[in-house]
Amino acid sequence: MIRVSTGINGLNEMIDGGIPAGHSVAIIGPPGSGKTTFCLQYIWDGLQKDDHCLYISLEEEEDRLLQTAMNYGWEFKKYIDRDMLSLIKLDAFDITGTMDRMLSELPKLINKNGVKRLVIDPFIHIEMGFADDHKRRVNIYELIRRLAKTGVTTLITTENLEGVHSHFGILESIVDAVFLLQIIRSTERGALIYAFQVNKMRWSAHSKDIKPYAITGRGIEIYRESNVYWSEKE
Amino acid sequence: MYKDTAEGIEKMLKPEPMVIIEQPVVSKSPGMSPGIQSQDEEVYQKLLKEYIFDKSEKVVSIILDPSMILKADLALFRLLSEKKMKGILLCVGRPAEFYIELLRSKGFNQDFLFYLDTLTFSSPRKQQEPHSSNISYKHVFYYQEKQNMKQIPHPSDFTAIDVAFTSTVEEFVCNKSGGELFLLIDGIASHQLYLKPSSLGAFVHTLVSKARNWNITTFLLLTDGIDPILISTIKTFSDKIIIL
Ligand SMILES: Nc1ncnc2c1ncn2[C@@H]1O[C@H](COP(=O)(O)OP(=O)(O)O)[C@@H](O)[C@H]1O
Ligand SMILES: [Mg+2]
């Protein structure tokens, strides 16, 4: 089985070497937990390995995203010029139009360009757009199914405010894997601890542990050899 | 590394690094009663007698009265530097600056110690250090880095302590290979303020186990103020118990 490296220091060792090629991964976390950073780092890693990459942004404009990447030292511009990377901004609030494009055009584009790595960030706006849970589930299921057929390895981010489930609790049951980013407020002082966990990963004997991580000037790093402590005092 | 420039200290140091002076430094300790120095020597001799360095003893608990902590610290520093060991001092009871000053006043070459300081990061300085312009700080998410120390925001940031300890050991193993390493935790009693005894016990146990995996000898100072159940738990995973 081919496994795709995440590009995140410390993570590949937690997931049997990488994400099984062709699988979809949900990244769940609150605002500021590093979901976009995680995705950019995954794309950067792919570009270093000559993988064609596609980034569907449902929030940040293209040039803004390029700046965000530059903040971590990743210069995407030259890869766009060489047709290795496409950044596409879609309107998250035109739910019908955007969902149609993702269902019909996206798989075609992936096949045509031989895209190996795909990011959809943040998916929460699409999830919000459906009238009810049934429509939400059917559409997400269909999207993931069509992406899986192309063989692309996908990261889809979604938001929660806290805890271990996404806002709607649907995405994680459909995708192949779930990475959870938590920002824990230690009760003693209210300082933030960032904690990473693999909640699900099909075809993998993954780590069940919760590990501290950091967002640094060079992206995300997971401290696999350290532990998360809450300082609650009785 | 820390450079000692105070006048007179150089003369008192032996030319060889990491060895401390043999003569008591009574003249450098104004205000100290003459008896203190001999008490220090007494604790050191006692420790020397009790602690026969054995590579298989990786967790050493020292049981003592709270009033003896500093003397025990000094005796340990002396013993360990004589054994050419390098080590990490986790400062929870007192800040790193306190130990730097103390070791300076006792004429130690300080190259053998690296500090994980949980007490300085967020407390205002009483005054700028004269050489502070040469000090570069590097902020590394969970801690701040300064020449021979990592400053952790708060003693209750156990995750940050673990991350800082792990990275320090990795640096030691990578850069300063050779020689035995030790870890000294100066304030399990103070740590109790932030974590209930059972969680603190778990924290100490995992930290000590990690040190053990890396072949590091951990010294734990256990005093009266510590929860008796915690003390007896720590004793169960100690290889050597010394009563001072
Ligand atoms: N250069 C940097 N150094 C350290 N942390 C940074 C840096 N740049 C951004 N961050 C951290 O990353 C966070 C934003 O991450 P982001 O990936 O946008 O989160 P999300 O997409 O989950 O909302 C900021 O709140 C900040 O904590
Ligand atoms: Mg984002």
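The model is a predicted one, so please read every value here as computed from it. Ligand 1 has 13 residues around it, and the protein covers 64% of the 580 Å² of accessible area that ligand 1 has on its own. Two cavities of 30 Å³ or more are counted as well.

- Coming nearest to ligand 1 are A:G32, A:K35, A:T36, A:T37 and A:N71.
- In chain A, α1 (35-48) and β10 (210-216) each supply at least two residues of the shell.
- The largest share of that shell is three residues, and they come from α1(A).
- Sorted by class, the shell holds eight polar, four nonpolar and one charged residues.

- The side chain of A:T37 places an N or O atom 2.5 Å from an oxygen atom of ligand 1.
- For A:N71, a side-chain N or O atom sits 3.0 Å from a nitrogen atom of the ligand.
- The backbone takes part at A:I215, where a polar backbone atom is 3.1 Å from a nitrogen atom of ligand 1.

**The second largest cavity**

- This cavity has a volume of about 30 Å³.
- Its lining is made up of A:G22, A:H23, A:S24, A:I144, A:L147, A:A148, A:V152, A:T154 and A:D176.
- Helix α6 (residues 133-150) of chain A gives the largest share of this lining, three residues.
- By class, the lining has four nonpolar, four polar and one charged residues.

Key. Residues are numbered from 1 along each chain as its sequence is written. Chains are lettered from A and ligands numbered from 1 in the order in which they are written. This is a predicted model: local features need pLDDT of at least 70, side-chain atom pairs count only at pLDDT 80 or more; totals for chains, interfaces and linings use all residues. Side-chain values use heavy atoms; hydrogens and water are left out. A residue is near a molecule or strand if one of its heavy atoms lies within 4 Å of it. A polar contact is a pair of N or O atoms within 3.5 Å; within protein, one must be able to donate a hydrogen and the other to accept it, and residues adjacent in sequence count only if both atoms are side-chain atoms. Accessible areas come from the Shrake-Rupley method with a 1.4 Å probe; for residues, only the protein chains shown count as cover. Helices (H or I, at least four residues) and strands (E, at least two) are DSSP runs, numbered from the N terminus. Ala, Val, Leu, Ile, Met, Phe, Trp, Tyr, Cys and Pro count as nonpolar, Asp, Glu, Lys and Arg as charged, and the others, Gly among them, as polar. On a 1 Å grid over the protein atoms alone, a cavity is a set of points where a 1.4 Å probe fits but cannot get out, and a pocket is an open set with protein on both sides within 12 Å along at least five of seven lines; lining residues have an atom within 4 Å of a point. Grid points are joined across faces, edges and corners, and a volume is the space filled by probe spheres set on the points.
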